[in-house]
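Hi everyone, thanks for coming. Let me put the sequence and the structure up, and then I'll walk you through them.

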Amino acid sequence: MAFYLFGEIITKARIRNITVCFIGLLLIARPTDILTSSSNHDHLYGCITGLIASILGASSFVSVRKISTQTSSTIIALYFHVGLIFVGSIGIVFLEIKQEYSVEYLTNLITAAIATYLSNIVFYKALKMFPYSKLAPYTYSNVLVSLLMDYFVFNHLPSILSIVGGAIIAISIIMSLRSN
């Protein structure tokens with residue numbers, strides 16, 4: 001998308017790094033488990049929603065890149081989150097979502113909101129300095145951090161394929177650092 005909107009040059013090294021990251025991601029997500037898993041509907045749903053979320057996330061970053069030269073990163077992140085609250089509120093009202101709120105739930109929700117806000121500010125600042133095609137491989141580091149957090153916070157031991165996929169992503173990010 002950045003290629004078409006901004007005329008960004010996508011080098012062979014960038015295509016290679018993104019492809020290698022995607023292969024690592026496939027090893028972690030294991031969409032082939034859909035065929036062998038007893039709960040294949042849940043796994044399929046997870047893979048599809050993850051793919052849709054990635055596409056929408058990339059689209060929002062490219063859209064932000066378009067306006068990032070005119071506005072402060074902090075303001076863009078604030079508008080982005082206010083927009084999320086507005087759209088999310090509409091969804092909650094129309095879907096009549098009922099949620100019981102505990103102190104732990106609200107603490108985790110606020111922590112996630114603050115972390116997301118701060119990460120978006122930093123990423124939007126990076127978008128001002130570099131083309132999105134150059135930053136794309138780094139977005140896969142989210143997967144690595146999620147694997148680590150899943151292990152350390154929830155004591156969920158990743159599979160061998162997930163570890164190999166994470167290693168592939170890490171190697172690709174290092175390759176990207178060297179080529180940039």
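**An all-helix walk-through**

So, the protein has nine helices and zero strands, where helices (H or I, at least four residues) and strands (E, at least two) are DSSP runs numbered from the N terminus. Please keep in mind that this is a predicted model, with local features needing pLDDT of at least 70, side-chain atom pairs counted only at pLDDT 80 or more, and totals for chains, interfaces and linings using all residues. Residues are numbered from 1 along each chain as its sequence is written, and side-chain values use heavy atoms, with hydrogens and water left out.

Some overall numbers, then. Of the protein's 180 residues, 22% count as buried; buried is under 20% relative accessible area, exposed is over 50%, and partly exposed is in between, with a 1.4 Å probe and protein chains only. The accessible surface comes to about 12,400 Å², and 72% of that belongs to carbon and sulfur atoms. Those areas come from the Shrake-Rupley method with a 1.4 Å probe, and for residues only the protein chains shown count as cover. Among contacts (heavy atoms within 4.5 Å) with a separation of 6 or more, 78% are between residues 24 or more positions apart.

Now let's look at helix 6, residues 103–129. Its 27 residues should span 39 Å at 1.5 Å a residue, and the end C-alpha atoms are 39 Å apart, which agrees; the expected span is 1.5 Å times one less than the number of residues. Buried residues in helix 6 include N120, I121, F123 and Y124. N120 has 7% relative accessibility, so N120 counts as buried. Which residues does N120 contact, leaving aside its neighbours within four places in sequence? They are F61, A77, F80 and H81.

Next stop, helix 8, residues 141–154, where we find V153. V153 is partly exposed because its relative accessibility is 48%.

Finally, a search of the whole structure finds one aromatic pair. The ring centres of Y151 and F152 are 5.0 Å apart and the planes meet at 75°, so this pair is edge-to-face. For rings of Phe, Tyr and Trp (its six-membered ring), pairing takes centres within 6.5 Å; planes under 30 degrees apart are stacked, over 60 edge-to-face, and the rest tilted.
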